Amino acid sequence: MNIFIEYSLFIFFLPLAAFLINIFFGKRLPRQGDWVSIGAVLFTLALSIAMFAGMLFSYDPDFQVESSFTWINLGDFNIQLGFLVDNITITMLLVVALISSMSHIFSIKYMAGDPLYSRYYAYLSLFTFSMNGIVLSNNLMLLYMSWELVGLSSFLLIGFWFEKNSAASAGVKAFLTNRVGDIGFFIGIMLLFTAVGSVVYSDIFTSVADGNLTGTLLTMAGIGLFIGAMGKSSQFPLHIWLPDAMEGPTPVSALMHAATMVAAGVFMMVRMFPIMTPDALVFVAYIGGFTALFAATIAITQNDIKKVLAYSTVSQLGFMIMSVGTGAYVAAFFHLVTHAAFKANLFYGSGSVIHAMHHALHKKNDHETDPQDMRNMGGFKSRMPTTYRAMLVSTLAIAGVPFFSGFLSKDAILAGSLSFANHHPEHFLLPIFGFSAALLTAFYMFRLMYMTFHNEPQMPELIEEIHESPKEMTFPLVLLGGLSFFIFFTLPHFNPFSDQGWFTEIIRPRTSLVAGAPSAHAISEGIHQNHLPAMIISVLVGGFGIFLAWLMYLKQSISAAAMAGRFNTLYRLSLNKFYIDEIYSRFIYTPILKLADWVGYLDWDVYDKYVVDGFGRITEWFSNLTGKLDYDGLDQGIVDGAGRSAHWLGGVLRGLQTGQLQSYVLFALFGVILIVIFQTMV
Amino acid sequence: MDQLQNYLFIAAALFSLGLFAVITRRNAVAVLMGVELILNSANVNFLAFSRFGGMNFDGHVFALFVIIMAAAEAAVALAIIINLYNNYQSINVDEASQLKR
Amino acid sequence: MSEFLFWFMTAMTIGSALIVVLHSNLFYSALALVVTLFGVAGFYVFLWADFLAGVQVLIYIGGILILILFGIMLTNKISSVNISHSNFHQSIAAVIVLGIFSILGWMILRTPWLLIVQQEPEQTVGKIGRLLMTEYLLPFEVASVLLLTALIGAAMLSRKAN
C-alpha cells in the first residue's frame, strides 16, 4: 500500500498501543512507563517528519491519497475506518506530533514525583491517538468518534489532580460544554448523512457539487458542524470551559488548549469548507470575530498568568474562525500552525515560571501565595534568562511584529477580513473586530511580559530562590521559540513581509462546491489586493498596543491602577469575565437543576408514595378481606359447620338405636307406611 | 250391616289396636295380649273373606290353624316371660335392652 | 234386630280392645281381653262360622286367656303399680298406628271386592272336618307336632334350673 498510508497507520496505532500498555502495566514498568509514551510519540514525530519531507519533495499542491476499509457493516450503513492524507493532513500531523513530543518531554520534569505519573503518560498517549484520528479521518463518523475521544482525554487530563475540587469540576465543565457543541455537530452530521447517504467526505463533496444538497438544508448542516467547532474551539458562547481548563497541568494546557485540541475545530472547518454556504459562513465569521474581541477585552485585566494565555487562545481561535468565515481558510490554517508553535511555547514558558515559583514558595514554606499570580512576580529576567528569551520571541510573534511567524499569518487573516468587507460593505464590523483584537493582543501580551520579567520583584524574599528550569523544560522552549521566526514558513523565499513560501504554495485553497460562492481564485485575489493595507494597519495597531503596555507597565508613567479606577465598571466587567458563568448559572443551570429536583420529587414522593405504595396498600387490604372471608366465613362457617351438623345428625341417629324391640317395630311400621305411600304415589 | 267392608274395618281396627299395644306397652304380658288381638283380627279377616267369597271353607280351616298356633305360641311366650321374670325380677320390656350393645 | 246386635257387638269389641290397650292395670286389661274375644266370637257367628265361634270360646278364652291370667299373676307384683308409659312414645305410636289404620281403611274402601254370596250353610263342622282329613291333612299333622313341641318347650323353659 501507499507509503503515506502505511506511515499513517503507524502514527495512528502506536500511541494507542502506548496508552494500553501504560494504563494497564504502567505502574510496574521502570520509570513508571514514561519512556513507552515518549518513545511512541517520538517515533510518530519521526514518521511525520518523513512524510513532511516527502511532501516538500514532491511539492504537489493537489497531492491526496485515500484508503479505507469497512469496520462495521450494518447493512445499508457502514462505518469506515479510513484515512485521507493530503498536504493539510501531513502538516497537521507534524504539528500534533511535534507539540505532543514537546509536552511529553516537558512533563518529565514538570510532573516528576506525581503519584499518578504513569497514568498521566497513558492519558497523553490516548490524546495523541485521538487527535491523530481527527486529522487522518476521511469520514465524519471516525471524525466524530475521535472528536469524542479527544473530549474524553481533555476531561481526564484537566481533572488529573482530581482531589482538587476546582480541577474536577473544571474537567466536568469542559466535557459538558463540549457535549453541548457536539449535539449541534451530530445534528449536522445526521443532516448530511440523510441527504447524501454516506458520511465519507468525498461522497458528501460529490453530492454537493452535483447540486443534490442545497439551500437551507446545507446551511443548517454547515451551522450544525460549526456548532461542534464552537464547542471544541471554545467560541462564544461555549468558551466558558477553556479558562477553567487551566486547572490542568501546564504541559497539558500547552498541548491541548493551545495547539491541538482546540485547533481541531478549526481543522474540521478547514476540511469542510467546500460545503459551507455563504450564509453559514457569515454566521461563522461573526462568531469568530466577536469572540476574538470579547476574549481579548477580558485578557487585559487578568492577573493569573495562565488565564491571560487562556483568553488569548480563545481570542486567537476567534481570529482563525473569522478567517474561515471570510473565505480565507488557508490563512486560518496557517495561523493555526504558527499559533500552535508560539502559543505552546508561551505555555511552556509560563509553566517554567510557575514551576520556579512553586519551588521557591515551597522552600519558604509559603502555601498561601498563588504561584500563578503575576502580581507576585517581577524581575525574573535575570534569574530565568532562557525562559525569558523564548517567551519574548513568542510574544513578538503573537503581537504580529514583522520578522516573526505570527505577523505573516495574522496579516493574512486581517487581509482576508478587509477583502470580505470590501466585497460586502455591510460586514464592515469584521475588520474592526480583527484589528481591535490585534491591538489588545499586543497590549496584554506585553503587559504579561513586563509584569513577570521586568520591574522590581513584587516579592523580594522570593527572588533569591528563583532558578532557571532544568533542560527538559528549556529544550522545548528553545525549539519552539526558534519556530516562531518567519523563516521556517517562507522557505524557499526570504521575504519577511510576504507569506510566499512552501506553506502557501503547497497548501492551496479549494474552491467552494456551493453554488454561488466566490471561487478560491477570487478570494485569493481579494486577499492579495488588501494585503498591503492590512499589513500597514496591523503594524500600526500592534505597535500602539506595545507602546501602551510599555507606558503602563514598564515606564509606569500611566498608572494601571488609576486607569482601572477611572473605568471602574468596565474594569470590573473585564476582570470578572463579563459575569458569563454567573449568568449561565442563574438562568440555565439553576432552572434545570430545579426542574430535575421537581421531577425527582414527582417520581419519589408522589408516584412512589401514592401509586406504587397505593397498589401495595390496596393489595394488603384485599388480602385481609380474603383472609377474613376464608378464615371466619369459610373455615368456621362451612367447614366447621359441616362437622357440627354431622355431629348433630349423628347424635340424633344414635337415638334410634334404643335397644328396644318396640322401637324397632315402630320404625318398621313407619317404613311400611312410607313404602305404601310411595307405591301409591308412583 | 252384613257387609264385607264392615268386617274388614273391624279387623283393621283390631289390628291397629293390637299393634299399638305391641309398640307401646311396657309389660311383656300386655305385649302378648296385643299379639292375641292381632291374631284375632286376622281370623276375622279370613272368615269374612270366606263368607263373602263363595262360602269357601278354606278360610275356616285356616282360622282354625291360627287358633292352634296362637295357643302354642301363647304357651311358649308365657314360659319365656316367666323365665324372664325369674332372671330379671321384672318384665318391663324397656329393661330388656341388651340388644343395644 | 240383628243390625243393632251387630253394632252392639262392634262397640263392645272395639271398646274392650281399647281398654286392653290403654288401661294401666294389667288385670283389667286381661279381663277386657276376655270381653273382646267374646265379641270376636260373636262376629264369627255373624260370619256363619259356628264351629269356629265355639273353638274360639273354648280354646282362646278358656285356654289361652287363662294362661295369660296365670302369667300375669305369676309375674306381677300385686302391690306394684303399673308403670306408666311416656306420652311422647305413645303419641308417636298413635300417629303411626293411625297411619297404618288409614292405609288399611283406604285399601278396604278402594278395592273392588268380588263378592260371591251364597246360602248360609247348615253347619260347618262337617265340612271343616272333611277338609282337614283330605286337603289339609299335612298341616293338620304338622300342627299336632307343633303342639307337642310347644308343650315340651314350654315345660322345659319354665322348669327350675337344676
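This is a predicted model: local features need pLDDT of at least 70, side-chain atom pairs count only at pLDDT 80 or more; totals for chains, interfaces and linings use all residues.
## A guided look at chains A, B and C

Figure 1. How many helices and strands does chain B have? There are 3 helices and 0 strands, so following chain B along its sequence gives the pattern α-α-α. Chain B has 101 residues, and 63% of them count as buried. Now consider the contacts in chain B whose partners have a separation of 6 or more: 56% of these join residues 24 or more positions apart.

**Figure 2. Where chain C meets chain B.** Here 76 residues from chain C are in contact with 67 residues from chain B. Putting these two chains together buries about 6800 Å², with carbon and sulfur atoms giving 79% of the area. Which helices of chain C each supply at least two residues to the side that touches chain B? They are α1 (2-22), α2 (26-46), α3 (50-75), α4 (87-110), α5 (125-133) and α6 (137-157). Of these, α3(C) gives the most, with 13 residues. Sorted by residue type, the side of chain C that touches chain B has 55 nonpolar, 18 polar and 3 charged residues.

**Figure 3. Polar contacts and salt bridges between chain C and chain B.** Stay at the boundary of chain C and chain B for a moment. How many residue pairs are in polar contact across this interface? The count is 11, with both residues of each pair at pLDDT 80 or more. For salt bridges, the rule finds 0 between chain C and chain B.

**Figure 4. Where chain C meets chain A.** In this view, 8 residues of chain C touch 7 residues of chain A, counted as contacts. The area buried between chain C and chain A is about 700 Å², and 92% of it comes from carbon and sulfur atoms. Which residues of chain C lose the most area to chain A? Look for H89(C), I96(C) and I103(C), which together make up 60% of what the chain C side buries. The side of chain C that touches chain A divides into 6 nonpolar and 2 polar residues, with no charged ones. Across this interface there are 0 salt bridges, and 0 residue pairs are in polar contact when both must be at pLDDT 80 or more.

**Figure 5. Chain A and its helices.** Chain A contains 26 helices and 2 strands. What share of the 682 residues of chain A counts as buried? The answer is 54%. Among contacts in chain A with a separation of 6 or more, 79% are between residues 24 or more positions apart. The accessible surface of chain A is about 29100 Å², and 68% of this belongs to carbon and sulfur atoms.

Figure 6. Find helix α14 of chain A, which covers residues 329-363, and you will find H355(A) in it. Is H355(A) buried or exposed? Its relative accessible area is 15%, which is under the 20% cut-off, so H355(A) counts as buried. Who are its contact partners, leaving aside neighbours within four places in sequence? H355(A) is in contact with K109(A), Y110(A) and M473(A).

Definitions and conventions: Residues are numbered from 1 along each chain as its sequence is written. Chains are lettered from A and ligands numbered from 1 in the order in which they are written. Side-chain values use heavy atoms; hydrogens and water are left out. Contact means heavy atoms within 4.5 Å. Buried area is the accessible area (1.4 Å probe) that two parts lose on being put together, summed over both. A salt bridge is a side-chain nitrogen of Lys or Arg within 4 Å of a carboxyl oxygen of Asp or Glu. A polar contact is a pair of N or O atoms within 3.5 Å; within protein, one must be able to donate a hydrogen and the other to accept it, and residues adjacent in sequence count only if both atoms are side-chain atoms. Ala, Val, Leu, Ile, Met, Phe, Trp, Tyr, Cys and Pro count as nonpolar, Asp, Glu, Lys and Arg as charged, and the others, Gly among them, as polar. Helices (H or I, at least four residues) and strands (E, at least two) are DSSP runs, numbered from the N terminus. Buried means under 20% relative accessible area, exposed over 50%, partly exposed in between (1.4 Å probe, protein chains only). Accessible areas come from the Shrake-Rupley method with a 1.4 Å probe; for residues, only the protein chains shown count as cover.
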